[in-house]
There are 2 protein chains.
Amino acid sequence: MYRTHTCGELRLTDAGKTVTLAGWVQRVRDLGPFLFVDLRDRYGITQIVVEWLDYHVKGEGGLGSFVVDPAKRAEKVETLAKLGREFVVQVSGPVRQRDNENPNLPTGEIEVLVTELKVLNAAKTPPFTIEEETDGGDELRMKYRYLDLRRANIRRNFELRHRMAMEVRNYLSAHHFLEVETPVLIKSTPEGARDFVVPSRMNSGEFYALPQSPQTFKQLLMVAGFDRYFQIVKCFRDEDLRQDRQPEFTQIDCEMAFVEQEDILNTFEGMAKHLFKSIHEVEFSEAFPRMSFDEAMKGYGCDKPDLRFGMKFQSLTPDPSPGERGEDLVRGVGFKVFDEAELVVGINAEGCAGWSRKQTDALIEFVKRPQIGATGIVFLKWTEEGLKSTVDKFYTPEHLQKWAERFCMKQGDLLCIMAGKADKTRKQLNELRLHMGDLLGLRDPKVFKPLWVIDFPLLEQDEETGRWHAMHHPFTAPKPEDAQKLFDQQDLGSVRANAYDLVINGTEIGGGSIRIHDRTMQEAMFRVLGFTDDDARYKFGFLMDAFEYGAPPHGGAAFGFDRWVSLFGHRTDIREFIAFPKNNSGRDVMIDAPSRIDQIQLDELGITVKG
Amino acid sequence: MYRTHTCGELRLTDAGKTVTLAGWVQRVRDLGPFLFVDLRDRYGITQIVVEWLDYHVKGEGGLGSFVVDPAKRAEKVETLAKLGREFVVQVSGPVRQRDNENPNLPTGEIEVLVTELKVLNAAKTPPFTIEEETDGGDELRMKYRYLDLRRANIRRNFELRHRMAMEVRNYLSAHHFLEVETPVLIKSTPEGARDFVVPSRMNSGEFYALPQSPQTFKQLLMVAGFDRYFQIVKCFRDEDLRQDRQPEFTQIDCEMAFVEQEDILNTFEGMAKHLFKSIHEVEFSEAFPRMSFDEAMKGYGCDKPDLRFGMKFQSLTPDPSPGERGEDLVRGVGFKVFDEAELVVGINAEGCAGWSRKQTDALIEFVKRPQIGATGIVFLKWTEEGLKSTVDKFYTPEHLQKWAERFCMKQGDLLCIMAGKADKTRKQLNELRLHMGDLLGLRDPKVFKPLWVIDFPLLEQDEETGRWHAMHHPFTAPKPEDAQKLFDQQDLGSVRANAYDLVINGTEIGGGSIRIHDRTMQEAMFRVLGFTDDDARYKFGFLMDAFEYGAPPHGGAAFGFDRWVSLFGHRTDIREFIAFPKNNSGRDVMIDAPSRIDQIQLDELGITVKG
């Protein structure tokens, strides 16, 4: 046994006990006759002290050790002189009250007086400091990830991840979900994202694929009568990477039979509330708000609005959607930009009327960046001197008054107005809104605002090719009232689905849908998506066959676990919550993967590498 | 909402309530004026009855539905005539007490009188019966796995698997193990088994590998100070398959820092006891027995003895191992087979003295099969007429008496004795012992006999090439007292490891070891295994580097989850506990994977398929 206690465990009530601890040297302070060491392990830090520096007996062999014996005077021990940061040591001795307590440490009232010390392993000087605020750059920390993971803030991320995984499973298990492992070696059926593939040695020339999600398998489990399924499962996508994308990522994957959308939303809203409560002690007594996809796009310019702050869009022109009405407050006075715009839309930045020219110019620069690509912003501010806009030469005070009314503007507010093609302008205004939220400190990571976005379109059309794509995936069912349009291939853009996303603080945490459970409907869907019947049968014949043997109505959801954990950890970079992440080139720089493999492996697999 | 209750939920106390159920048609009995249907879901079976067959109103559209209205007389409904096995239906009506109760069903006291019925989905006649005892062959059931999984006994396997996974996690979490996900896309370092590899698109010509186990990552987590790690994780081996091997399999993977072997055995013995208790209500108050590898090989001819029955080996010659003694009871009387044998060893089959010549001949045939390859068995039986052997012409009654004493034989017993090279003969006798256990019904799958096998050799030598292989894996530490032999490359066969296996009923459920945590030791180990220093650095440099930055002493274990679940399910075929298993050619016959992939995918990956 290497220790009797951990480094986070001892309290004043333990004073007098003789204990053994083991851990890493966080810090050494040599104060002449005394030597203090902060000894660290996963559970905490305990101060140890060597008092009788001149009284000791050298231990036997190994990396260095000594026994304190006040009766014998000897040389100052080499072991102590060498002791450096991150050395692994084992110490024994009595626990005693500290002279100067450290109120910041749970163990801060005590220290361990060393009577024996043994170096279990030496350590080279780490390439960066093992502190919450480290001096190590990204690449260096990834190469020495095992050292990076020693930092307390990073370690806490994994403690959080562990607790969330346990709570998710406990909740789902209590709600009769069965955890079932679906296969990792499956069939390649790339839709949208690319599959990672695995050459088969036993079936030469053939490949497995790694799942982008266990979608078809969980549906088959519903056909199999498993009723409720879940899995916290690795999924794989061979996509170009960004900060919030990894080639392998983890999903909370769920499916339920004999359910309608309402049952599913209630179940997973319950799960989310359980997580908020158990992890953050945040209680949501009300139902999460719901917003249709259309409402989200019109009100926030995106399908995942951040509701931690307002600035909901208001338009000054009638909405160009079919059937929409609204008074035009901007056209016909000769301001060409607004006259020619399909939509003029803005946000009210409350309390920002006092912003300087420099500040508003910076906003214009922000939206003009190529990533956003807008042409400008029209401002209207209400100061003590009244309403004042950057287009005063076109609009009368009465005009401006009407604008102010539409936005429920108060003195001290600042309107930011953009104009152009409706969809594009809304997307640009969404970027501006989020930027304003950041600037105004309205996006506090410790505040949580969940939202269901519902009534997604089933399909979206590629502007260039005219091809229809499934907005969620090809297994999502149309709303029953829209189903005929799928068979008729008529008015496809208006087909809605019982599909939903859970959005928290502007991040899409997950989503799902009611699925198709009927062969003819699934066939119609594949036809709309441009599959030949042969292709559909080759790729998904097993699923359509299954629908003919008594498939129940079913639906489900999947949640991005990495994202959810990082959201709960108040951070945006999911790599801080993945033990061994890949970099943006898909490389693990620590183990240096991917790498070349032996010719003998290639030969056995019957493949060659080109070029 | 499709249902108010499940099909396993209603009891007599619910009589009078109006309920809605949904499920599959298990059975239809048309008794003239009444029609009985057994409606099934995951939770059970409920009898539903349509009483007023002639009184109904046809419902609207869909696959068929009707509403019962005793006031209106109409045609016998088509819906009912068509209703077949595995149709998915929804029914509503009052719960009432049954006339003839079915004591075999938890819902057997009640039935639901149908007032409304709706067919939710039709079903073709299933290709095999959905019953515990099915008429479907293996291939057919695998092709329609989603139907096979509907069988109650198969479904129960997954309920068991779910419960075991939850209990394992709860136990480990309560013992401060952190669940950490290790990567699936790693580096190819094939040792022993072949890796599955994944071509990288972004790093052309390079490959990831799928992990055979997270071994190096869990060790890095110990270097990272995570202290205790676990994961229930998929692992992959591209091996030729057998009944208990799958290309992807699931492991309970664990690692602990600052531990000695004793700490690890206690922790996982605790986990095993927790599982026995929580799943099977079996309490093990005593510690699991422990047996050294040598003792297991000598006493049972294998490193995973089945202790549900005795028949421990006894030898009639001195053991040929160095330093072993024992009286020779067989040589020197002219029986050439025994004279020339390195070892004469046997088992006592208690109570089998009465076995017929036919039965003992069958045993000889059994061991003569090429898989075993023995030459024969010498029998000694003790009947009412005294001791009688098949080698009476060589041995005096005094000889035989001494044999009987060595085996503590009683009247009624039968000795089975084999002879030859020591190791080979023990292996053959092991097969005979297990076969006798089967014949005598001594291997009851409902009885559990756990055992730790300890003190494994660190290395084993390939007879043909003379090369040394790691018996567990190259990261296993030698016992400290044997460590110098590794550096000296002397007497390698005698190096023992603090390595251990958990064996239950003759099945190796898992195992582990204390690991190397020192760079020079790891380098010495790789040299012994025939790695060049360059090769070792290329493949495992990251781990050896990590050992230089303060690696704590550590060790761990991994358990085969598929095997453990099947053992707890009293079955031997792990495929019954894997939702979508592969067949012996590594194929998933349901989805038809692996399969050819598009040329465009190959081109993007920069690989070509040969031939």
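This is a predicted model: local features need pLDDT of at least 70, side-chain atom pairs count only at pLDDT 80 or more; totals for chains, interfaces and linings use all residues.
Residues are numbered from 1 along each chain as its sequence is written, chains are lettered from A and ligands numbered from 1 in the order in which they are written, and side-chain values use heavy atoms, with hydrogens and water left out.

Helices (H or I, at least four residues) and strands (E, at least two) are DSSP runs, numbered from the N terminus. In chain B, the axes of helix H5 (residues 215–223) and helix H14 (residues 533–546) come within 10 Å and cross at roughly 20°, where axes are lines fitted to C-alpha atoms, for helices over the stretch in contact, and angles run from 0 to 180 degrees between N-to-C directions. H5(B) is therefore roughly parallel to H14(B) (angles under 35 degrees count as roughly parallel, over 145 as roughly antiparallel, 65 to 115 as roughly perpendicular and the rest as oblique). The crossing of H5(B) and H14(B) is left-handed, a term used if the near helix is turned anticlockwise from the far one by less than a right angle, with right-handed used if the turn is clockwise. Thr216(B), Gln219(B), Leu220(B) and Val223(B) of H5(B) make the contact with Phe540(B), Phe542(B), Leu543(B) and Ala546(B) of H14(B), contact meaning heavy atoms within 4.5 Å. By class, six nonpolar, two polar and no charged residues take part in the contact of H5(B) with H14(B); Ala, Val, Leu, Ile, Met, Phe, Trp, Tyr, Cys and Pro count as nonpolar, Asp, Glu, Lys and Arg as charged, and the others, Gly among them, as polar.

In chain A, the axes of helix H13 (residues 519–528) and helix H14 (residues 533–546) come within 11 Å and cross at roughly 150°, so that H13(A) and H14(A) are roughly antiparallel to each other. H13(A) passes H14(A) in a right-handed crossing. On the H13(A) side the contact involves Arg519(A), Gln522(A), Glu523(A), Phe526(A) and Arg527(A), which meet Asp533(A), Ala536(A), Arg537(A), Phe540(A), Met544(A) and Asp545(A) in H14(A). The residues in the contact of H13(A) with H14(A) comprise four nonpolar, one polar and six charged.

Five strands of chain B form an open antiparallel sheet in the order E15-E16-E19-E17-E18, strands being paired if DSSP finds at least two bridges between them. Strand E15 (314–315) and strand E18 (386–389) of chain B stand at the edges with a single partner strand each, so one side of each is left without a neighbour in the sheet. Two bridges join E15(B) to the antiparallel strand E16 (residues 343–349) of chain B, and Ser315(B) stands opposite Val345(B) in E16(B). Helix H10 (residues 397–406) of chain B packs on the sheet, touching E15, strand E17 (378–383), E18 and strand E19 (414–420) of chain B, and its direction makes about 100° with that of E18(B). Helix H11 (residues 422–439) of chain B also packs on the sheet, where H11 touches E16 and E19 of chain B and its direction makes about 10° with that of E16(B).

Elsewhere in chain B, strand E8 (residues 116–121) is joined by three bridges to strand E5 (residues 65–67), the two running antiparallel, and by five bridges to strand E6 (residues 88–97), again in antiparallel fashion. Leu117(B) in E8(B) stands opposite Phe66(B) and is also the bridge partner of Val91(B).

The peptide bond from Ala593(A) to Pro594(A) is cis, with omega near 0°, and Pro594(A) lies in the loop between helix H15 (561–568) and helix H16 (599–605) of chain A. A cis peptide bond with omega of about 0° likewise joins Ala593(B) and Pro594(B). His176(A), although not a glycine, has a positive phi of about 70° and is located in the loop between helix H4 (152–174) and strand E9 (178–179) of chain A.

His554(B), in strand E25 (residues 554–560) of chain B, is buried, with a relative accessible area of 1% (buried means under 20%, exposed over 50%, partly exposed in between, with a 1.4 Å probe and protein chains only). Not counting residues up to four places away in sequence, His554(B) touches residues including Gln219(B), Glu255(B), Ile514(B) and Phe547(B).
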